[in-house]
Structure formats: C-alpha cells, structure tokens
Amino acid sequence: MPPPESMKVDMSEMESASNKAVAKAAESNFNTALFAAGVAKVILEANLAIPRALMTAAQDKSAEAVNGNEWEWSYTTAANGENYGVRLTASVESTEEVSWNFYVTNSELGYDNQLFFTGTSDFEATSGTWTYFDLESGNEVSVVTWNRTDSEASVTLEVKSDRNDNLGDSISYDFDGTVKTVVFVDVSEDETTTISYNTETMTGFIISPNYNEGAKSCWDENLNNTTCSS
C-alpha cells in the first residue's frame, strides 16, 4: 500500500527552527519564506488532510481477497471531526501497476459508499498518482503525483477545483535527502514562489516576485539574512 507520505509535504524543520528563533532573532528572508510555506501548507491540507488520515488508518488493517487480483479493506475511522466508514479496494492491473479506490460512508452527511479518491502506484508503492473528488459534486478537486525512495521524495499537487479559490494553483515538493525545495505557483496572481533549505544546516533561500523585487534572498544557519553565494 502506498504510504500516507505520498500525500504529504514535510517542511517541519522550518517550523521547528522558527520556534527556536525568538532567541536567534530570525530575520526577514527566513520569516518571509516561513509565511509563504504556511500559505502553501493551508492549500495542501485543505486538499489532502482527510484523504491522508483515511490512508493512515488503513496501514494496519487487513485485507480480504475478492478475487485473484483484487483485495478489499473495510474499516471505520475519524477525520476532521467526522466518522467515516471506509472501503478500500486494490486491483492489480499488471505486474507493474496497482489501482486504488477509497469509498466513504457517513449517514449524517449523506454519503453512501461514495468514491472519495482514487490512484495508481507501481507494484513496490514507490511512485504513483492520486485524484481527489468532491463528495458533494463528484468533480475532481486535485491531482497528486508522487515518488519516494528511502532517502528522497517528491510530491506535486495540482488544484482542479475553484471551491477554495485555488483553481489552477500547483505546489511541487522535492527532497533529495538533504535539501528540500517547494515551488508554489499562484495562478490568480501569476506568481511563482520558490523556497529551498538545507535540512542539516537550515541555510536556505526564497525567490518570490512580491518580495525583495524578486531577487534570490538567502538566510544563514542562524536564520539571519545573508548574501547569496549564487
């Protein structure tokens, strides 16, 4: 089964550093990057928090074989203050691909075995896609493309719905084992913001058209503004 991290962008090091920054007096470049990362996180969580919670709950559940190439999980769990009955199916399409479907039931909300999100993964569950649907309309909300190894990860979210005024926006996350980079494209403002930092030293930079005239703006290991090396 694909891991819940296939739906997650992890920038926790920035948040941890900011909590320690009172004594260090973090300066504007880092703080601007932290704020921009927070905006991206709001969009990510609006799209992926509930699907990720349902997937997390499935990790320790047992499946029943439906036929030779299909399995089914049934369980209940809570997400975002609501209780859901979940039916997860996995179909082996080939020796290289598995299809996943999550259906949810909540009688109070009027959902009865309704498709919530679907996806595909390779057989080793190291790469794949997810498509998330609006439970009211059945329309696509967002699409996620992901890849993972033991030390590296990438996740790209593309927003397909205007229900939160983010239609067309995208967030791309890449972790090479040391450096994490997030690129946030805000279509409504025609802006692209890039944030990148070293998880070991916490040095990094932000490039944003509405900050410092769009120039690359760096911070050092103490989160203070510094001249960019390149």
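Contact, on this tour, means heavy atoms within 4.5 Å. Keep in mind that this is a predicted model, where local features need pLDDT of at least 70, side-chain atom pairs count only at pLDDT 80 or more, and totals for chains, interfaces and linings use all residues. Residues are numbered from 1 along each chain as its sequence is written, and side-chain values use heavy atoms, with hydrogens and water left out.

**Stop 1: aspartate 186**

Select aspartate 186, which sits in strand S10 (residues 179–186). Helices (H or I, at least four residues) and strands (E, at least two) are DSSP runs, numbered from the N terminus. Show its surroundings: apart from neighbours within four places in sequence, aspartate 186 is in contact with Asp169 and Glu191.

**Stop 2: the nonpolar core**

Next, select Met14, Leu54, Phe117, Trp130 and Ile195, the residues with the most contacts inside the largest nonpolar core, which has 54 residues. Such a core is a set of buried Ala, Val, Leu, Ile, Met, Phe, Trp, Tyr and Cys residues joined through side-chain atoms within 4.5 Å. Colour helix H3 (residues 28–58) too, as its 13 residues are the largest share of this core. Now zoom in on methionine 14: beyond four places in sequence, its contacts include Phe30, Ala33, Ile195 and Trp219.

**Stop 3: the aromatic rings**

Rings of Phe, Tyr and Trp (its six-membered ring) pair if their centres lie within 6.5 Å; planes under 30 degrees apart count as stacked, over 60 as edge-to-face and the rest as tilted. By that rule the structure has 7 aromatic pairs. One of them is stacked: phenylalanine 102 and phenylalanine 117, at 4.2 Å centre to centre with 15 degrees between the planes. Phenylalanine 102 belongs to strand S4 (residues 97–106) and phenylalanine 117 to strand S5 (residues 111–122), 15 residues apart. Phenylalanine 102 is buried at 1% relative accessibility, and phenylalanine 117 is buried, also at 1%. Turn to phenylalanine 116 and phenylalanine 117: their ring centres are 5.7 Å apart and their planes at 70 degrees, so this pair is edge-to-face. Phenylalanine 116 is buried, with a relative accessible area of 3%.

**Stop 4: threonine 77**

Move to threonine 77 in strand S2 (residues 70–79). Is threonine 77 buried or exposed? It is buried, with a relative accessible area of 17%. Leaving out residues up to four places away in sequence, threonine 77 touches Leu54, Ala57, Glu82, Asn83, Tyr84 and Val86.

**Stop 5: the disulfide**

Finish with the 1 disulfide in the structure, defined by cysteine sulfur atoms within 2.5 Å. Cysteine 218 is joined to cysteine 228, with S to S at 1.9 Å. Cysteine 218 lies in strand S13 (residues 217–219) and cysteine 228 in the segment after strand S14 (225–226), 10 residues apart. Look along the S-S bond: at 115 degrees, the link is right-handed. Cysteine 218 counts as buried at 9% relative accessibility, whereas cysteine 228 is partly exposed at 22%.

Conventions
Buried means under 20% relative accessible area, exposed over 50%, partly exposed in between (1.4 Å probe, protein chains only).
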